[in-house]
Amino acid sequence: MRVPVITGADAFSARTAPPRPTTPPKATKIAAVRTALPPHRYAQDDLTEPIGDLCLPPGADRAVLRRLHASAGVRTRHLTLPIERYSDLRDFGQCNDAWMAAGLELGEEALTGALQDAGLEPADVDLLVCASITGIGAPSLDARLAGRVGLRPDIKRLPVFGLGCVAGAAGLSRVHDYLRGHPDDTAVLLTVELCSLTLQQRDHSPANLIAGALFGDGAAALIARGSNCANGAASEPGRAGPSVVATCSRLYPDTEQLLGWDIGASGFRVVIDAGVPGIVRDHFGLHLRAFLGEHDLTIDDIETWVCHPGGPKVLAAVTDTLGLPDDALDSAWHSLATAGNMSSVSVLHILQNTWQFRRPEPGAWGLLMAMGPGFCSELVLLRW
């Protein structure tokens, strides 16, 4: 498939780069990250045939489906409903109702857990950013959660739809923007992605079969605090998390059709174009190196890579284009293997695992990155 050509708008030079600040920007402190996963956990092998029953015509050859499931890099996934319940979802309304009910439960679990980890109370939260691309609601999830968890009536809310897989990184970037202007505040980024509820029944298109092999369900909450706030529980010895130093957003021209949804009567029909790894190989490395260069850093200075696990081909393309060691993205491969691609939740899941099990030494640099519909990418420079 032809990969779109990106021209002058993607060039990086002294003429187009923003001026370097004369004083370092104030950092945002990440106080906690907590992931919540649905209770229905399945081995990949146990999902292949039931998903085939949902998506393929009776008697269809399942060889391609089985190859996709075997090569997706996924060993286990968590689903919102027991797998036998998905055939009961007859239309978009029923799927969306299930998204709202389960999303509130998982969102509450992630949010209250993250607040507890940070040593904070719900009343301490000044801003709640809530991202999801797998369901819609008005009132939105964040509004319905406010009373359930005890958030203040004057809390600022920002529900976000449309960012997809990039929302974990982009949401953190926008929280950082807010806290730079409100250094006494505490903000929460909540992501809720129940991807299994978007699977299209009786749709044997390659994109739908890939989605059925790759995506999992989950929610995650990240607590961030402005530079004037005390660090709280996360600052105790051995528990300190990273700070956000800088962020960078990039839209790639003429790539809008590579990734996203076709939205119709049956709900969200996934769009996944084979050109995505090509965009990563041809342009992502240039963008990333330029961003690091603005902060007098190179790829070799980054100790921790928190990369959205878009799939095996995307992870391989990132590794190749950046010239990374084979084990640099192990955390992403592990998240993909144990939970699947959870859209915007995944980078926060990886950040939590890094914090708990592979925390770098103080002062180490990290980079959190994701890509999503647009086609776009988001980079977040971290300092541990």
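Reader: What covers the buried residues of α1?

Author: In this predicted model, helix α1 spans residues 44–55. Its buried residues are Gln44, Leu47, Thr48, Ile51, Gly52, Leu54 and Cys55. What covers them includes β2 (40–43), α2 (63–71), β3 (76–79) and α6 (206–214).

Reader: Within what arc do the buried residues of α1 fall, seen down its axis?

Author: An α-helix has 3.6 residues a turn, so residues three or four places apart point the same way. The buried residues of α1 include Leu47, Ile51 and Leu54, while Asp45 and Asp46 are exposed on the other side. The buried residues line one face of the helix because, seen down the axis of α1, they fall within an arc of 155°.

Reader: What distance does α1 reach from its first C-alpha to its last?

Author: Helix α1 has twelve residues. At 1.5 Å a residue, the expected value is 16 Å. The model is close to that, with a reach of 16 Å.

Reader: Which residues of α6 are buried?

Author: Helix α6 is among the elements that cover α1, and α1 is in turn among those that cover the buried residues of α6, together with α2, β3, β10 (267–272) and α9. Helix α6 is mostly covered, with seven of its nine residues buried. These are Ala207, Asn208, Leu209, Ala211, Gly212, Ala213 and Leu214.

Reader: Is threonine 76 buried or exposed?

Author: Threonine 76 lies in strand β3. Its contacts beyond four places in sequence are Arg41, Tyr42, Ala43 and Gln44, and also Ala337, Thr338, Ala339 and Gly340. The cut-off for burial is under 20% relative accessible area. At 12%, threonine 76 counts as buried.

Reader: With which side chain does the side chain of serine 335 make a polar contact?

Author: Serine 335 is found in helix α9 (residues 330–339), and at 0% relative accessibility it counts as buried. Beyond four places in sequence, serine 335 is in contact with Gly340, Ser346, His349 and Ile350. The polar contact, at 2.8 Å, is with the side chain of histidine 349.

Reader: Which residues does serine 346 touch, not counting residues up to four places away in sequence?

Author: Serine 346 lies in helix α10 (residues 345–357). Serine 346 is buried, with a relative accessible area of 0%. The residues it touches are His308, Pro309, Ser335, Gly340 and Asn341.

Reader: How far apart in space are serine 346 and valine 188, C-alpha to C-alpha?

Author: In sequence, serine 346 and valine 188 are 158 residues apart. In space, their C-alpha atoms are separated by 16 Å.

How values were computed:
Residues are numbered from 1 along each chain as its sequence is written. This is a predicted model: local features need pLDDT of at least 70, side-chain atom pairs count only at pLDDT 80 or more; totals for chains, interfaces and linings use all residues. Side-chain values use heavy atoms; hydrogens and water are left out. Helices (H or I, at least four residues) and strands (E, at least two) are DSSP runs, numbered from the N terminus. Buried means under 20% relative accessible area, exposed over 50%, partly exposed in between (1.4 Å probe, protein chains only). A polar contact is a pair of N or O atoms within 3.5 Å; within protein, one must be able to donate a hydrogen and the other to accept it, and residues adjacent in sequence count only if both atoms are side-chain atoms. Contact means heavy atoms within 4.5 Å. The expected span of a helix is 1.5 Å times one less than its number of residues. The arc is that of the directions from the helix axis to the C-beta atoms.
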